[in-house]
Amino acid sequence: MSAHQDVKKVVLAYSGGLDTSVILRWLQKTYTCEVVTFTADLGQGEELEPARKKAEMFGVKEIFVEDLRETFVKDFVFPMFRANTLYEGQYLLGTSIARPLIAQRQIEIAEAVGADAVAHGATGKGNDQVRFELGYYSLKPDVKVIAPWREWDLTSRTKLLAFAEENQIPVTKDKRGEAPFSVDANLLHSSSEGKLLEDPSIGAEEIVFQRTISPEAAPDVATEITIDFVSGDPVAINGVEMTPATLLTRLNELGRDNGIGRLDIVENRFVGMKSRGIYETPGGTILLAAHRSIESITLDREAAHLKDSIMPRYAEIIYNGFWFSPERRMLQALIDTSQHSVTGRVRMRLYKGNVTCVGRESPHSLYDTRVVTFEDDEGAYNQQDAQGFIKLNALRLRLGGQIGRRGGTL
């Protein structure tokens with residue numbers, strides 16, 4: 001019996017676009033199996049009912065279209081932001097953090113409907129194939145994974161369109177030409193890659209940007225907002241409490257209107273190559289700056305520095321697809337423990353692409369005006385204590401200098 005005959009039912013991560021529509025029909029023809037479609041609303045800003053109708057047209061009997069925006073922000077985005085996570089110092093991991101949720105729901109659906117396989121539309125060149133499949137195997141070790149881009153011979157846009165025409169797959173007119181670039185989006189960000197963006201020496205045209213106006217076109221007057229945090233998570237904007245997804249949506253609007261969150265980056269993919277992408281994370285960029293600002297008065301120095309030291313490792317774990325790994329859970333426990341006192345309010349100024357904290361307050365603030373004041377501190381701090389502190393820290397340097405190792409000479 002061939003591997004194709006082994007598969008009886010497969011759950012496909014399905015967007016309703018050209019690629020996954022072709023994959024759906026290809027699975028039906030190649031594997032002669034039942035296909036179940038799963039379409040997740042993660043805030044990509046597209047109408048999802050057309051995906052349902054397309055799946056029905058292909059004879060799919062079990063169709064799952066789910067609004068996962070609140071789960072996405074509460075259980076994936078917010079935990080990641082507690083760590084102030086940046087991959088390679090810049091990327092807020094907008095695509096990376098969405099994949100484990102999709103993988104998780106696919107496996108849950110597969111078990112609910114008795115499917116023995118799952119499938120995704122990620123190519124064999126990118127990171128997403130790794131993220132999806134590491135998620136699948138973490139949650140269902142014996143699952144069969146089908147990755148059509150690694151199996152079929154539809155290796156070009158022309159071949160995909162030909163297959164679509166042969167199989168009566170509707171293709172929107174703008175897809176019939178060569179798309180200028182590919183876009184992936186969710187509530188946290190949008191990313192644009194490929195085609196006219198593949199030359200990293202050429203700047204992106206304004207048409208590329210999906211989520212933000214240009215900083216030059218932003219208002220000449222700054223926008224000031226307050227963000228309230230409780231135990232490291234944002235809970236309110238300008239004093240109005242909001243659900244996680246509603247709050248991030250509002251931050252996206254504020255960021256968009258002020259030209260905030262654009263990033264042009266060449267990053268190192270897990271599979272080994274470099275890739276250039278244009279990312280927009282308007283709300284996330286504001287949130288990162290705000291979270292660091294509330295931490296600045298509530299976190300102990302060594303706790304904050306320890307968090308900063310593990311952040312690059314934590315970011316790499318998520319970027320590479322190991323959300324469900326023991327090491328991510330271990331680091332998450334440390335990060336979450338650090339957030340118990342990260343409660344309070346920050347005032348942020350948004351202006352032409354910039355985010356600046358102009359005020360912060362907390363009932364757990366470690367900032368003590370009596371100690372830091374340049375006026376009379378009335379004995380709160382004894383400046384003479386600094387002399388012994390400095391001499392003890394200088395002891396090893398002085399001993400080295402006495403034998404000729406001056407100025408740090410080894």
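## Strands and crossovers at a glance

Four strands make up an open sheet in the order 6-7-12-11, and their pairing is antiparallel. Keep in mind that this is a predicted model. Elsewhere in the chain, strand 2 (residues 34–41) pairs with strand 1 (residues 9–13) in the parallel sense, and strand 2 also runs parallel to strand 3 (residues 63–67). As a reminder, strands of a sheet pair through backbone hydrogen bonds, in either a parallel or an antiparallel way.

**The open sheet**

- Strand 6 (182–185) and strand 11 (262–268) sit at the edges with a single partner strand each, so one side of each has no neighbour in the sheet.
- Going from one strand to the next, the twist averages 25°.
- Four bridges hold strand 6 and strand 7 (residues 190–193) together in the antiparallel sense.
- Across that pairing, Val 183 stands opposite Ser 192 in strand 7.

**Strand 2 and its parallel partners**

- Strand 2 is mostly covered, with seven of its eight residues buried.
- Strand 1 and strand 2 share five bridges, and Leu 12 stands opposite Thr 37 in strand 2.
- Five bridges also join strand 2 to strand 3.
- Thr 37 turns up again here: its bridge partner in strand 3 is Ile 63.

**The crossovers**

- To get from strand 1 to strand 2, the chain passes through helix 2 (residues 18–30), and this β-α-β crossover is right-handed.
- Strand 2 then forms a right-handed β-α-β unit with helix 3 (residues 49–57) and strand 3.

Conventions:
Residues numbered from 1 in each chain as written. Predicted model: local features only at pLDDT ≥ 70, side-chain atom pairs only at ≥ 80, totals over all residues. Heavy atoms only, no water. Buried < 20%, exposed > 50% of the residue type's maximum accessible area, 1.4 Å probe, protein only. Helix = DSSP H or I, 4+ residues; strand = E, 2+ residues; numbered from the N terminus. Pairing = 2+ DSSP bridges. Right-handed = clockwise from strand over helix to strand, strands pointing away. Axes fitted to C-alpha atoms, helices over the stretch in contact; angles between N-to-C directions.
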